[in-house]
Amino acid sequence: MGAIVYGTGENRFHLEDRMLAHVKTITLMKLRRNESFSVTLRDTSTERGRVTLWLHPSIPLQFSFDSDETFEMDRPLLEDLMHGANGGEVTVRPEASELA
C-alpha cells in the first residue's frame, strides 16, 4: 500500500499501489497543464470518513509506492478518474480499481 504525501510530508494518505499509479498519472497530466483540482479519498488516519485534498502546482506532492512494480494503465479507470478531474473533483473509491 503506497501513499500520497501531501504538503510538507506530515500528511500521508494511503492507497493500494495500483490505484495510486492511476491517481498519479491523472494528477501529473493535470498539474503539468497548471490545472488544479480536488481529490477525495478515505481518511486513512481514522480508518473512517474521508478527506478532500486540493491539488495545485504550488503545493508539494509526492507519490510513495511500497512496491517497485510498474502497473499497466487501465484505460476505463483512467477515463473515469480524468472525467472527475476535468469536472473539478476526483473521488477515489476502493471499488473503482475494479472497473476493468
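Reader: Arg33 first. Buried, partly exposed or exposed?

Author: Partly exposed, because its relative accessibility is 47%. Keep in mind that this is a predicted model.

Reader: Which residue does Arg33 form a salt bridge with?

Author: With Glu35. The closest N and O atoms are 3.7 Å apart.

Reader: How accessible are Lys30 and Glu35?

Author: Lys30 has a relative accessible area of 5%, so it is buried. Glu35 has 28%, which means partly exposed.

Reader: How many salt bridges in the whole structure?

Author: Four. One of them joins the side chains of Glu79 and Arg75, at 3.1 Å from N to O.

Reader: Where do Glu79 and Arg75 lie?

Author: Both are in helix 2, residues 75-86. They are four residues apart, about one turn of the helix.

Reader: Which residues do shared partners join into one network?

Author: Lys30, Arg33 and Glu35, through their salt bridges.

Reader: Which strands make up the open sheet?

Author: Three of them, in the order 4-3-6, with mixed pairing.

Reader: Which ones stand at the edges?

Author: Strand 4 (50-55) and strand 6 (89-91). Each has a single partner strand, so one side of each has no neighbour in the sheet.

Reader: Strands 3 and 6: parallel or antiparallel?

Author: Parallel, over three bridges. In strand 6, Val90 stands opposite Val39.

Reader: What do the helices do with that sheet?

Author: Helix 1, residues 17-32, lies across strand 3, strand 4 and strand 6. Helix 1 runs at about 160 degrees to strand 3. Helix 2 packs on the sheet too, touching strand 3 and strand 6. The direction of helix 2 makes about 145 degrees with that of strand 6.

Reader: Now Thr40. Where is it?

Author: In strand 3, residues 37-42. Thr40 counts as buried, because its relative accessibility is 5%.

Reader: Which side chains make polar contacts with the side chain of Thr40?

Author: Thr52, at 2.8 Å. Glu89 as well, at 2.3 Å.

Reader: What else does Thr40 touch?

Author: Beyond four places in sequence, its contacts include Arg50, Val51, Val90, Thr91 and Val92.

Reader: What is it in contact with, sequence neighbours aside?

Author: Met1, Gly2 and Asp17, leaving out residues within four places of Asp66.

Reader: How far apart are Asp66 and Met1?

Author: 65 residues along the chain, yet their C-alpha atoms are separated by 5.7 Å. The side chain of Asp66 reaches the backbone nitrogen of Met1 at 2.7 Å.

Reader: Chain totals, then. What share of the residues is buried?

Author: 40% of the 100 residues.

Reader: And what share of contacts comes from residues 24 or more positions apart?

Author: 62% of the contacts with a separation of 6 or more.

Reader: Last one. What does the accessible surface come to?

Author: About 6000 Å², with 47% of that belonging to carbon and sulfur atoms.

Methods: Residues numbered from 1 in each chain as written. Predicted model: local features only at pLDDT ≥ 70, side-chain atom pairs only at ≥ 80, totals over all residues. Heavy atoms only, no water. Helix = DSSP H or I, 4+ residues; strand = E, 2+ residues; numbered from the N terminus. Buried < 20%, exposed > 50% of the residue type's maximum accessible area, 1.4 Å probe, protein only. Polar contact = N/O pair within 3.5 Å; in protein donor to acceptor, adjacent residues only side chain to side chain. Contact = heavy atoms within 4.5 Å. Pairing = 2+ DSSP bridges. Axes fitted to C-alpha atoms, helices over the stretch in contact; angles between N-to-C directions. Areas by Shrake-Rupley, 256 points an atom, 1.4 Å probe, with all protein chains shown as cover.
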